[in-house]
Amino acid sequence: MIYSMTGFGKAQKEIQDLQIKVEVKSLNSKFTDLFCRLPKSLSAREIEVRNYLTQQLERGKIELSLTMQKATETASPSLLPEKQIEELFSELKRVAKQVGVESVNETALYLHALSMPNTIQAEQSQETEEEVEALWQSIFEIIQEATQECKSFRLREGNVVQEKFKEYIASIKNGLDAVKEQDLIRMPNIRERMKKSLLDLGLNEDFDQNRFEQEVVYYIEKFDISEEKVRLATHLEYFLEVLKEGNGKKLNFMAQEIGREINTIGSKANDSQIQRIVVNMKDELEKIKEQTANVL
C-alpha cells in the first residue's frame, strides 16, 4: 500500500453562530513544508495544528486554510459593547463636572470612552475558558475530518500509481527477457565478425587458431553481461517487494540501482539490437522515477 503526496480534503460545519470551513491540500516535496492560514483568534493554536498535520501527512508541501464567518447576516449583534460604552461616557462626564471642568467637550469624552483599554473586547472576554476550549475542540474536529479526507485522497492516488509501477516493471522485465534471447546469439556473432575481419585483412584460414580463440575469450569476457542480467532481475523483484511496504524513498533508491544495471548492459553489450531494447527499458525507468518523486 502506497500513498501519493498529492491530496485534497475539505470539511465544514456550523458551530453556534459561526460557519467553519477547513481545506487541506498537499503536493510532492522532498521535505515537510507546512503552511497554515488561520484566523488571528486561533494563532495560538498553530503549533498544535502543525504537529497534527506532520503526524498524519508526514511529508510533502502541505497547506491548511481555515475560515470562520457569521452563519447568518441578519440580526447580527453589534460589534461594540454599547451598554458599557454608555456607562463609561456617563462616568467621564460626571467626573469632569466633579473636578470642576466648566466646558465639557462631549465628543472628546465619547472618543476617549471608545479608546479605553478592553472596551472593544469586553464582550469577548466574558466567555469562560471552558467555552473557549469547547469551541476549539469542535474546530479541531473539523480539521481532523479534512485531514483524513486528504489522506483518503492520497491513498486513492497511491493505488493508481502502484498499478502503474507494476506495468513499468513488467515492461522492463520483458525487455530483460529480450536481452537474454539476443545474448544467446550475440557471442557467436562476435566470434564470426572477428574471424571475418581477419580474413578481410588478407589472412588465410591457417592463422594461429589458439591465439584467435584466446582473443575471442578476451572479448567475450569484456562484453559479458551475465552478472548485470542477474542483478537487474533481482532489483526488479525487490522493487515489487518494496512497493508493498509503500516506502517512496526506498523505491527511488531502487530505481537508481535498476538504472545503473540497464546502463551497464547497454555499454557492455556492443550489440545494436540490445541497444534498442535498452533504450525502451530506460524510457520505462524514467516513468518510474517521475512517479517515485510523488510517493510518500
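**Figure 1. Strands S2 and S4 pair in the antiparallel sense.** In this predicted model, strand S2 covers residues 18-27 and strand S4 covers residues 60-70. The two strands are joined over 10 bridges. One of the residues to look for is Leu-27, whose bridge partner in S4 is Lys-61.

**Figure 2. Four strands make up an open sheet.** Read across the sheet, the strand order is S1-S2-S4-S3, and the pairing is mixed. The edges are formed by strand S1 (7-15) and strand S3 (32-37), each of which pairs on one side only. On average, and with direction ignored, neighbouring strands of this sheet are turned by 10° against each other.

**Figure 3. Helix H1 packs on the sheet.** Helix H1 is made of residues 46-57. The strands that H1 touches are S2, S3 and S4. The direction of H1 makes about 140° with that of S3.

**Figure 4. The second largest pocket has a volume of about 200 Å³.** Its lining includes Met-5, Asn-28, Ser-29, Lys-30 and Arg-59.

**Figure 5. Helix H7 gives the most to the lining of the second largest pocket.** Helix H7 spans residues 248-269 and supplies three residues to the lining. By residue class, the lining of this pocket divides into three nonpolar, five polar and three charged residues.

Definitions and conventions
Residues are numbered from 1 along each chain as its sequence is written. This is a predicted model: local features need pLDDT of at least 70, side-chain atom pairs count only at pLDDT 80 or more; totals for chains, interfaces and linings use all residues. Side-chain values use heavy atoms; hydrogens and water are left out. Two strands pair if DSSP finds at least two bridges between them. Axes are lines fitted to C-alpha atoms, for helices over the stretch in contact, and angles run from 0 to 180 degrees between N-to-C directions. Contact means heavy atoms within 4.5 Å. On a 1 Å grid over the protein atoms alone, a cavity is a set of points where a 1.4 Å probe fits but cannot get out, and a pocket is an open set with protein on both sides within 12 Å along at least five of seven lines; lining residues have an atom within 4 Å of a point. Grid points are joined across faces, edges and corners, and a volume is the space filled by probe spheres set on the points. Ala, Val, Leu, Ile, Met, Phe, Trp, Tyr, Cys and Pro count as nonpolar, Asp, Glu, Lys and Arg as charged, and the others, Gly among them, as polar.
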